[in-house]
Amino acid sequence: MSTPEGNVEEMPLGARIHRLQRIAADLDREDIELEDAMRLFEEGVAHLRVAESLVKDAELRIERLLEDSDGIRTEKLTPGE
Amino acid sequence: MPRTLRAARSQTDVQESFDFDAARTRRQREDPITLGVAALNARVRQMLEARVPPLWVEGEISGWKRYASGHRYFCLKDADAQINAVLFRSDAQRLPAEPEEGMHVRVFGSVTLYDKRGDYQLVARRVEATGDGGLWRLAFEKLRARLDGEGLLDPARKRSLPLHPRTVGIVTSPVGAALHDILHVIERRAPWTRVILSPARVQGDGAALDVARAIELFERSGIAIDVLIVGRGGGSIEDLWAFNEEPVARAIAACPVPVISAVGHEVDVTIADLVADLRAPTPSAAAEYAVPDGSALRDELAAARMRLARTLRRFAVRRREQLDVSRERLDRRMHRLVEKRHEEIHMARERLDRRVHRIIEKRRAVIAQLAARIDALSPLQSLARGYAVPLDDHGRILRRTAEFTVGDPFHLRVADGTIAARTERTERAQRTEEEQS
């Protein structure tokens, strides 16, 4: 059975959705223990909650890549600039 | 345009005043002028340049030669005639490819005369192939063949795009419509995405190198991107040309993450498109390929929520079923166990019964034996054998002489009855005394 990958709060969206799919698959296993099932379910609900708020409330972050004497860095870019 | 007729007064002033019309007039007067070679060439050159405006000339390329100076020299000819031509370096830079021998071209330029050699020639400003797609096509095919030979166009090299990119890189002009279109689409579909622009000049001199640099800047920056969009909006074939050049193709091929190309409009297919992992017909389409549709994602999440709930429910049901099965199995087992015990008890009882029975039988036999013995000792038996038993009036057995009184009556019990008797005398036997003690 799979184990949680990293912090539930910081996982990127793609990994989160992948994780949700794994959790559902694990819950379908015949040999899963009740405690594991409950833990997986709780983790899945946490992922859902974060992912849903991300999808609902996010704002596009746009940056510009620059190279100068200080090296390579990014700065915020306002569209239409 | 008629010119003022002025006779040449010397070889040095013809520069200013020579006029062929005037010369013709002189010849008519049978008074031809004399000119130096330089003067003649200069006069002819001026005349050519003045009389023949810049124009397009069609013909076939012959003897195309590129000099170290960057100038190109060639001959333009058709079946019946030819003219030498030069394309100076500044104009030659715009050539997408060197034309091939015999290629049918049209050349824009002006005719002149090269004073030093007295050669009449065409100073070309542009050279375009008139055949199938022209020089652009030629350059395109050459680079395509070379990249193909290196395997860079192999479909097996194409990487699949990430389903949920966290960061999208863009290489395009910071002021072009393409950037605006891409940002608009990403904002609409996946506003949680981080977008990083690496600005580049996408047309004009050095554009190809700048685009390549901008692509490579991502890798050098160490900033992780999941997918890269490289492109620009529509334009002429010359405007798009940077995306047909080798530096861009190689930068795309070397990019560590999947690249979506979006150059011009749908009809424009560039080398960049061929090398990229995915070709988008427009910058907007590239953005759509790059990021998932938020509404689809919302559906996906809703589906995940439902699946999770369903799985847990199914889990509970399955557990209960398993429990039921276990209990049933346990019941059956208990039942079987009880049955078995019953049987054991039954058998034990039977065994016990048999044993008790045997014991009773045995006892019965002993009793019978004893009874037989008792029977043998019965006084009746003795009587039967001829013995008689003396009894007093009370029926007590008289065993000793002392119990007899001479003259008294007593009874004798014999086998079949009683006899009335009387004691005559008593006599104790000695031996009997001894036996008694």
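## Salt bridges, helix packing and the A–B interface

In chain A, R64(A) and E75(A) are joined through their side chains by a salt bridge with an N to O distance of 3.6 Å. Because R64(A) belongs to strand 1 (residues 61–68) of chain A and E75(A) to strand 2 (residues 71–76) of chain A, the pair ties together parts that are 11 residues apart in sequence. The model described here is predicted, and over all chains it holds 29 salt bridges.

**The interface of chain A and chain B**

Contact between the two chains involves 39 residues of chain A and 38 residues of chain B. The area buried between chain A and chain B comes to about 3,600 Å², with carbon and sulfur atoms giving 66% of it. On the chain A side, the residues that lose the most area to chain B are V55(A), L60(A) and L65(A), which together account for 20% of what that side buries. Three salt bridges are found across the interface of chain A and chain B. A salt bridge also links the side chains of E52(A) and R305(B), at 3.0 Å from N to O.

**Helix packing**

Two packed helices are described by the angle between their axes and the distance between the axes.

| Helix pair | Angle | Axis distance |
|---|---|---|
| Helix 1 (residues 13–27) and helix 2 (residues 34–57) of chain A | about 150° | 9 Å |
| Helix 6 (residues 177–189) and helix 10 (residues 283–290) of chain B | roughly 30° | within 8 Å |
| Helix 7 (residues 207–221) and helix 8 (residues 246–254) of chain B | about 15° | 8 Å |

In chain A, the angle of about 150° between helix 1 and helix 2 means that helix 1 of chain A and helix 2 of chain A are roughly antiparallel to each other, and their crossing is left-handed. Helix 1 of chain A contributes L13(A), R16(A), R19(A), L20(A), I23(A), D26(A) and L27(A) to the contact, and among the residues they meet in helix 2 of chain A are A37(A), L40(A), E43(A), H47(A) and V55(A). Sorted by class, the contact of helix 1 of chain A with helix 2 of chain A has 11 nonpolar, two polar and four charged residues.

In chain B, helix 6 and helix 10 cross in a right-handed sense. On the helix 6 side of chain B the contact is made by A178(B), D181(B), I182(B), V185(B), I186(B), R188(B) and R189(B), and on the helix 10 side by P283(B), S284(B), A287(B) and E288(B). The contact of helix 6 of chain B with helix 10 of chain B has six nonpolar, one polar and four charged residues.

Helix 7 of chain B and helix 8 of chain B are roughly parallel to each other, and the crossing of these two helices is left-handed. Here A208(B), L209(B), V211(B), A212(B), I215(B), E216(B) and E219(B) of helix 7 of chain B meet P247(B), V248(B), A251(B), I252(B) and A254(B) of helix 8 of chain B. By class, the residues of the contact of helix 7 of chain B with helix 8 of chain B divide into 10 nonpolar, no polar and two charged.

Terms used
Residues numbered from 1 in each chain as written. Chains lettered and ligands numbered in written order. Predicted model: local features only at pLDDT ≥ 70, side-chain atom pairs only at ≥ 80, totals over all residues. Heavy atoms only, no water. Axes fitted to C-alpha atoms, helices over the stretch in contact; angles between N-to-C directions. Helix = DSSP H or I, 4+ residues; strand = E, 2+ residues; numbered from the N terminus. Parallel < 35°, antiparallel > 145°, perpendicular 65-115°, else oblique. Left-handed = near helix turned anticlockwise from the far one by under 90°. Contact = heavy atoms within 4.5 Å. Nonpolar A, V, L, I, M, F, W, Y, C, P; charged D, E, K, R; others polar. Buried area = accessible area lost by both parts, 1.4 Å probe. Salt bridge = Lys/Arg side-chain N within 4 Å of Asp/Glu carboxyl O.
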